[in-house]
Amino acid sequence: MNALLFLLGLCPILWLIVALTLLKWPTWKAACGSMIVAFALAMLVWKLPLMETLTAGLEGILMALWPIVVVIIAAVFTYNLTVRTGAMETIKQMMTSVTSDKRLLVLLVAWCFGGFMEGMAGFGTAIAIPASMLVGLGFPALFSCLVCLLANGVPTPFGSIGIPTVTLANLVGLENAPLSFTETLQLTPFMILVPFLIVIVTGKGLKALKGIWPIVLMSGLSFVLPQMAVAYFVGAELAVVVGSVCSIAVTVLLSIKVKPAPEYKMELEKGKPLTLKKALQAWSPFICIFVLLLATSKLLPPINNYLEQFSSTVYVYSGENPNALKFTWVNTAGVWIFLSGIIGGLIQKANWNTFRSVFVDTLKQMMPTILTMCFVLACAKIMGYAGMITSISAFAIMVTGSFYPFFAPWLGALGTFVTGSGTSSGVLFGAVQMNASEALHLDPYWIVSLNSLGVAAGKMLSPQSIAIALGAVDGNGQDSKLLSMILPYGAAFLLLMSMFAYIGTMFLA
């Protein structure tokens, strides 16, 4: 009976896999199908009344709309605005004028700048933009996609102003900052490893590290250590943004003095000289985001506490033990990002027609993602309230027992592989991880964070990530070739993560 309930409980997720991989449906349609499957099973098998099923789904949709969708739209709107005003070209020029050593150039663009774009916008921009920049500099298309996929995995749990981690924390009832810190702790070895892999791939062997390995090491450390500090004291929202900015600064300063060996030297076209004013104009939206999010965070309790009063708490689910749904109307990342985008756009001389046009285009661009978030969260809430998540986790724990932590990252990787989203993975499997931690009497922060650890491997291999990368470099039709290139790295990462998860559980959880 437990096995049957386990299989039936998995049906919404299995449907998602089938719809995406075999039927080739768009993600939002597949997610809608998963919600319908969960709805039917909740009532027919788990005997959840109609009104309770409906209100469970409504709670998920409302949670998706505020704050997740608001942050998604705000982050992508800000990025699109910098493209429209031409500021992104200035940022690109700044990034590529530092060095002519192709190893350091790839590190700077794919790892440092890619990390920054993941922290700010996410949703594929951190793969598409650096990959297109590398191709524009003369690197091969598939190589550019490969290094950007490698670089994009580990920052994903903190993408788009921390939305995957914030959503996961809210869903399972854990505190944002401790969860963010634990995730960073688990990701640390891999965040130090990735810059080395990028350079090795660029130089086609370990010999590529000769003469620059201290810079590569510092590029990783200067990313992960600030990220860890911000995660501990503030939370997920700014962790990768601050880490990537620090990594950019350190990597640039150390790279300027490097004289490349002949085999690694690239001839770069020099653009127009940049002034400090033009540079500050280009970066102004992101500077504003950094300042506003930091100023309203828990680091400044008087401001944070004052703004917290502008919030509402409601109960949507009509059954027993409903979760409280809190809407923070002012002090939420999406509001501050929108405001920063507008301030930055004004500094960059954008007019109101530009604002309106970019906003409308962003809504059209992100509508499939918005629908996906609504359907996935509705599905997750229905599965949670009906007891489907409990059935899945109970059987998984019974089969794996004390070895469950070894397999925990696999769930995170599977969710991201299927949906292309760290947020969706957390929504699908976060409650399973939480239930497992309670049943096995393990630290919930450690076990739930293992889902995000697996996200880093799944993101590299996701068909959606591969399609975004190839689309950015006009390499459509080469999906299988790129997958065969990235697969060994993703598989190795997942195996190492599983071993790290199991050993870490014995000592820390």
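This is a predicted model: local features need pLDDT of at least 70, side-chain atom pairs count only at pLDDT 80 or more; totals for chains, interfaces and linings use all residues.
User: How do I read a pair of aromatic rings?

Analyst: Two values describe such a pair: the distance of the ring centres and the angle of the planes. Take Phe113 and Phe116: their centres are 6.5 Å apart, with 25 degrees between the planes. Planes under 30 degrees apart count as stacked, and this pair is stacked. Both residues belong to helix H5 (residues 102–120), where they sit three residues apart, about one turn of the helix.

User: Are Phe113 and Phe116 buried or exposed?

Analyst: Phe113 has a relative accessible area of 0%, so it is buried. Phe116 counts as buried too, at 2% relative accessibility.

User: How many aromatic pairs are there, and why is the pair of Trp66 and Trp329 tilted?

Analyst: The count comes to 25 aromatic pairs. For Trp66 and Trp329, the ring centres lie 5.4 Å apart and the planes meet at 50 degrees, so the pair is tilted. This pair links distant parts of the chain, 263 residues apart. Trp66 lies in helix H3 (residues 50–84), while Trp329 is in the loop between strand S2 (324–328) and helix H14 (333–347). Trp66 is partly exposed, at 22% relative accessibility, and Trp329 is partly exposed at 40%.

User: What should I know about nonpolar cores?

Analyst: In soluble globular proteins, nonpolar side chains tend to be buried together. Here, the largest nonpolar core has 153 residues. Trp111, Phe113, Phe116, Val147, Ile161 and Leu482 touch the most other members. The element that gives the most to this core is helix H15 (residues 352–386), with 14 residues. Another core, of eight residues, lies apart from it and includes Leu168, Val172, Met434 and Tyr445.

User: Which residues does Trp111 touch?

Analyst: Leaving out residues up to four places away in sequence, its contacts include Val106, Ala151, Met191, Pro195, Phe223 and Ser247.

User: And how do I read two packed helices?

Analyst: Look at the angle between their axes and the distance between the axes. Helix H4 (residues 87–96) packs against H5 at about 140 degrees, with the axes 10 Å apart. H4 and H5 are therefore oblique to each other.

User: Which residues make the contact?

Analyst: H4 brings Met88, Ile91, Met95 and Thr96, and H5 brings Leu105, Leu108, Val109, Phe113 and Met117. By class, eight of these residues are nonpolar, one is polar and none is charged.

Note on methods
Residues are numbered from 1 along each chain as its sequence is written. Side-chain values use heavy atoms; hydrogens and water are left out. A nonpolar core is a set of buried Ala, Val, Leu, Ile, Met, Phe, Trp, Tyr and Cys residues joined through side-chain atoms within 4.5 Å. Buried means under 20% relative accessible area, exposed over 50%, partly exposed in between (1.4 Å probe, protein chains only). Helices (H or I, at least four residues) and strands (E, at least two) are DSSP runs, numbered from the N terminus. Contact means heavy atoms within 4.5 Å. Rings of Phe, Tyr and Trp (its six-membered ring) pair if their centres lie within 6.5 Å; planes under 30 degrees apart count as stacked, over 60 as edge-to-face and the rest as tilted. Axes are lines fitted to C-alpha atoms, for helices over the stretch in contact, and angles run from 0 to 180 degrees between N-to-C directions. Angles under 35 degrees count as roughly parallel, over 145 as roughly antiparallel, 65 to 115 as roughly perpendicular and the rest as oblique. Ala, Val, Leu, Ile, Met, Phe, Trp, Tyr, Cys and Pro count as nonpolar, Asp, Glu, Lys and Arg as charged, and the others, Gly among them, as polar.
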